[in-house]
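Please keep the coordinates at hand while reading.

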Amino acid sequence: MVEIFIVVLFGLAFGSFLNVLIYRIPLEKSVIFPSSFCPKCEYKLKSIDNIPLLSFLLLRGRCKSCNEKIGYRYPLVEFLGALIFVVVYLKVGYIGFEFWILSFVF
């Protein structure tokens, strides 16, 4: 049970990073700096505002600063990241080299 929880957390984190890539690469922005921010008002997200899926729910899908709607793509990609990791875990049965390779390739 603990392993599946860890798998979900890693999947959510992976999905969150995919969102960074999806947003920043087409704009030719760094994927490392600056840290996460609101695209409209450029409010720098605090750690508590940047927890995959949970923050979206707590903030009711809006920016804490300007109240702009956060697109549903963000929680969807995070959820799908977690889902992929869980499916791979259920198929492989353990968290090891094969799990990581399949999770990132899937």
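Is asparagine 19 buried or exposed? With a relative accessible area of 3%, asparagine 19 is buried, where buried means under 20% relative accessible area, exposed over 50%, and partly exposed in between (1.4 Å probe, protein chains only). The model is a predicted one, in which local features need pLDDT of at least 70 and side-chain atom pairs count only at pLDDT 80 or more, while totals for chains, interfaces and linings use all residues. Residues are numbered from 1 along each chain as its sequence is written, and side-chain values use heavy atoms, with hydrogens and water left out.

Asparagine 19 belongs to helix α1, which covers residues 2-24; helices (H or I, at least four residues) are DSSP runs numbered from the N terminus. Its side chain reaches the backbone oxygen of tyrosine 74 at 2.9 Å. Apart from neighbours within four places in sequence, asparagine 19 is in contact (heavy atoms within 4.5 Å) with Arg73, Tyr74, Val77 and Glu78.

Rolling a probe the size of a water molecule over the atoms shows where empty space is left. On a 1 Å grid over the protein atoms alone, a pocket is an open set of points where a 1.4 Å probe fits, with protein on both sides within 12 Å along at least five of seven lines, and lining residues have an atom within 4 Å of a point. The volume of the largest pocket is about 570 Å³, taken as the space filled by probe spheres set on the points. Helices α1, α2 (54-58) and α3 (73-92) each supply at least two residues of this lining, and α1 gives the largest share, five residues. By class, the lining comprises 15 nonpolar, six polar and seven charged residues, with Asp, Glu, Lys and Arg counted as charged, Ala, Val, Leu, Ile, Met, Phe, Trp, Tyr, Cys and Pro as nonpolar, and the others, Gly among them, as polar.

Two salt bridges are found, each a side-chain nitrogen of Lys or Arg within 4 Å of a carboxyl oxygen of Asp or Glu. In one, the closest N and O atoms of lysine 40 and glutamate 68 are 3.4 Å apart. This pair links distant parts of the chain, 28 residues apart: lysine 40 is in the loop between α1 and α2, and glutamate 68 in the loop between α2 and α3. Lysine 40 is exposed at 57% relative accessibility, whereas glutamate 68 is partly exposed at 34%. Aspartate 49 and lysine 64 also meet in a salt bridge, at 3.1 Å from N to O. Here aspartate 49 is buried at 7%, and lysine 64 is partly exposed at 47%.

Methods: Polar contact = N/O pair within 3.5 Å; in protein donor to acceptor, adjacent residues only side chain to side chain.
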